[in-house]
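Subject: Model for your review

Dear colleague,

I am passing on the structure below, and would be grateful if you could look through it beside the notes that follow.

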Amino acid sequence: MKKQLAVLVSAALQNDLSVSEVTALLEKPKYEHLGDIAFPCFTLAKKYKKAPTIIAEELAQHIQADFIKEVKVEGAYINFYLQQLPIAQQIVTQILAEQNNYGTRNANNATIAIDFSSPNIAKPFSMGHLRSTVIGNALANIAEKMGYHAERINHLGDWGTQFGKLIVAYKLWGNKEAIEANPIAELLKIYVRFHDEAEHNEALNDEARQAFKSLEDGDEEALALWQWFREASLQEFQSIYKLLGVGFDSYNGEAFYNDKMERIVTELEEKQLLVESDGAMVVPLEDMPPCLIKKNDGATLYATRDLAAAVYRQETYKPAKVFYVVGNEQSLHFKQLFTVLKKMGYHWADNYQHIPFGLMLIGGKKMSTRKGKVVLLADVLKEAMDAALRNIEEKNPTLANKEQVAKEVGIGAVIFNDLKNDRMHDIDFDIEQMVTFEGETGPYVQYTYARIQTLLKKGAYIAEEAPITYLDETAWPLIKQLQDFSDYIAKAFNDADPSQIAKYSLQLARSFNKYYAQTKMLSGDDLQQARLAVVNCVAIVLQEGLRLLGIASPEEM
RNA sequence: GUCUCCAUAGCUCAGCUGGAUAGAGCACGGGCCUUCUAAGCUCGCGGUCGUAGGUUCGAAUCCUACUGGGGACGCCA
């Protein structure tokens, strides 16, 4: 539609502006009453040495077409009002035919690997990990919608000095039965104690470093403990992932790369990038601190494993892109990582991208596992589900399968709350805000979807793909927004910004609720089916929007 | 100290490839359920777009500096 109009405008300008130049200038008017598409004439003022308002007046007279209902000049803007019914017919027909595939791009045979969630073994799954998990999951869904194959990778934090600490702590204070009964909580307890005691006993840290070194060297006892901690932790994480509805293609964590690092170190040596510094091996970098590859005791570091992981992923998936959905505080690390890869001659590192996000703060400060200052995600999810259940008991006590719906709504609220804002913003943890179900929330969108389902049922809607024959003037904003869906998907993908989908869904839901409030849907006359067809399209798109965010849409709530 | 992210209504945020009267939600005050789910709709209240310069016909949006806050900065991840 925009393109057709651009052709007309370009012609009316006698090609002084190309069709693509005009397309770039065409914009959505700021207010509904100003029409559907606007063409601002400011830039033409210079070219024609005339006031933009006069240009607008003159130009407007030369533009007409059967799909344009009206052309109005408002200052320097030409505002176009489109014929509503034909557009509505086209869009509704398309959505009814494509259903949840509406907005889906054709498969392009390229893979995007997404490294997300990646919790640390033996540490609680905190609110901090929620962000990476839900953002990464949404990005994977969006990438698939865009035609890519998404490879979901959970790069578990299952290796590193922290395991040395845990092993030492376990040998000192560990209780096998307690850990078996409640693995993460007990492991956290001894981990926190380790840090407390290490504050006035420096020898503990040395012991921990030694313990990790022997783990890396294949010590059997250490390995057995590591294995146990890992299995037990993973089992607990699975219950969280199940609640969130998130799954992975790979759980290859840091330990997986244990036997793949030597090759990297050798390669760095061969390429003469490795330099000794204070007993450690580093890759010096321009304009930023050096990248540490080996500690002075020979043990590897985070960066070493990430280098090995990057090479492995490139060889295994041959990805078009790789996203690392990791907190903003690790920006330097990824800058270093990508720079080292490029120094090694790996140009594919240009396709590797850190997708940072703001910190989850508590009382304005960063959470700290070591000090035991964390909010457990499991507790938050439980609270959200309980709150949702209370709401159901109050508002819809006769609802079937309340528990299931409460789960979908409660979890939906938490996920949506995280995804609706720009990912770079720091979030101060606020349980009140997370379990709010009114206003700009996930449950608001879910509620809108559920309302429509009820309408379709009560209105005995018969799905047909025949064009609609009527459109309420008040339903026109819905049609326009339905048309915009794929633009928002593309923007969400290009900016790696799921909030675009959340904002779009809110907007669409709000438009429906307005329409609903002022129009009797079940009118009983022959316009009812046309109305329900439009509204059904809204439901299809809302459900798909929620799905992309990783949120369920209950039929009733 | 260096680098980096953030700064818009009382609170949480949209808007940021420069353009028409800076928009939502929450909170607060009114109105709307004998009829489609009131987890809704509607009216009102509320803004020096952190500060100061600059670029421009035009700046919340671009540039510079400053202020305030978060974070990172060699043997953690």
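I begin with the surface near RNA strand B, where "near" means that a residue has a heavy atom within 4 Å of the strand. At least two residues of that surface come from each of α3 (42-48), β3 (77-82), β7 (280-283), α13 (302-317), α15 (377-395), α18 (442-458) and α20 (499-518), the helices (H or I, at least four residues) and strands (E, at least two) being DSSP runs numbered from the N terminus. Please bear in mind that this is a predicted model, in which local features need pLDDT of at least 70 and side-chain atom pairs count only at pLDDT 80 or more, whereas totals for chains, interfaces and linings use all residues. Residues are numbered from 1 along each chain as its sequence is written, chains are lettered from A and ligands numbered from 1 in the order in which they are written, and side-chain values use heavy atoms, with hydrogens and water left out.

In total, 69 residues surround RNA strand B, and the closest are Tyr31, Tyr77, Glu254, Tyr447 and Arg451. Of the atoms of RNA strand B that come within 4 Å of the protein, 62% belong to sugar and phosphate. By class, the surface holds 28 nonpolar, 20 polar and 21 charged residues, where Ala, Val, Leu, Ile, Met, Phe, Trp, Tyr, Cys and Pro count as nonpolar, Asp, Glu, Lys and Arg as charged, and the others, Gly among them, as polar.

Some individual atom pairs may interest you. For Glu440, a polar side-chain atom lies 2.6 Å from a sugar or linking oxygen of RNA strand B.

Turning to the helices, the axes of α19 (residues 476-494) and α20 come within 9 Å and cross at roughly 170°, the axes being lines fitted to C-alpha atoms, for helices over the stretch in contact, with angles running from 0 to 180 degrees between N-to-C directions. That crossing makes α19 roughly antiparallel to α20, a term used for angles over 145 degrees. The contact (heavy atoms within 4.5 Å) between α19 and α20 comprises eleven nonpolar, four polar and two charged residues; among those taking part are Leu478, Phe485 and Ile489 in α19, and Ile501, Leu508 and Phe512 in α20.

There are also two open sheets to describe, in which strands pair if DSSP finds at least two bridges between them. One has four strands in the order β5-β4-β9-β10, with parallel pairing. Because β5 (149-153) and β10 (352-355) stand at its edges, each with a single partner strand, one side of each is left without a neighbour in the sheet. From one strand to the next, the twist averages 20°. Four bridges join β9 (residues 321-325) to β10 in the parallel sense, and Phe323 stands opposite Gln353 in β10. Helix α14 (residues 331-343) packs on this sheet, where α14 touches β9 and β10 and its direction makes about 175° with that of β10.

The other sheet has three strands in the order β6-β7-β8, paired antiparallel, and its edge strands, β6 (275-277) and β8 (291-294), each pair on one side only. Here the twist averages 45° from one strand to the next. Between β7 and β8 there are three bridges, and Val282 has Leu292 in β8 as its bridge partner.

Notes
A polar contact is a pair of N or O atoms within 3.5 Å; within protein, one must be able to donate a hydrogen and the other to accept it, and residues adjacent in sequence count only if both atoms are side-chain atoms. Angles under 35 degrees count as roughly parallel, over 145 as roughly antiparallel, 65 to 115 as roughly perpendicular and the rest as oblique.
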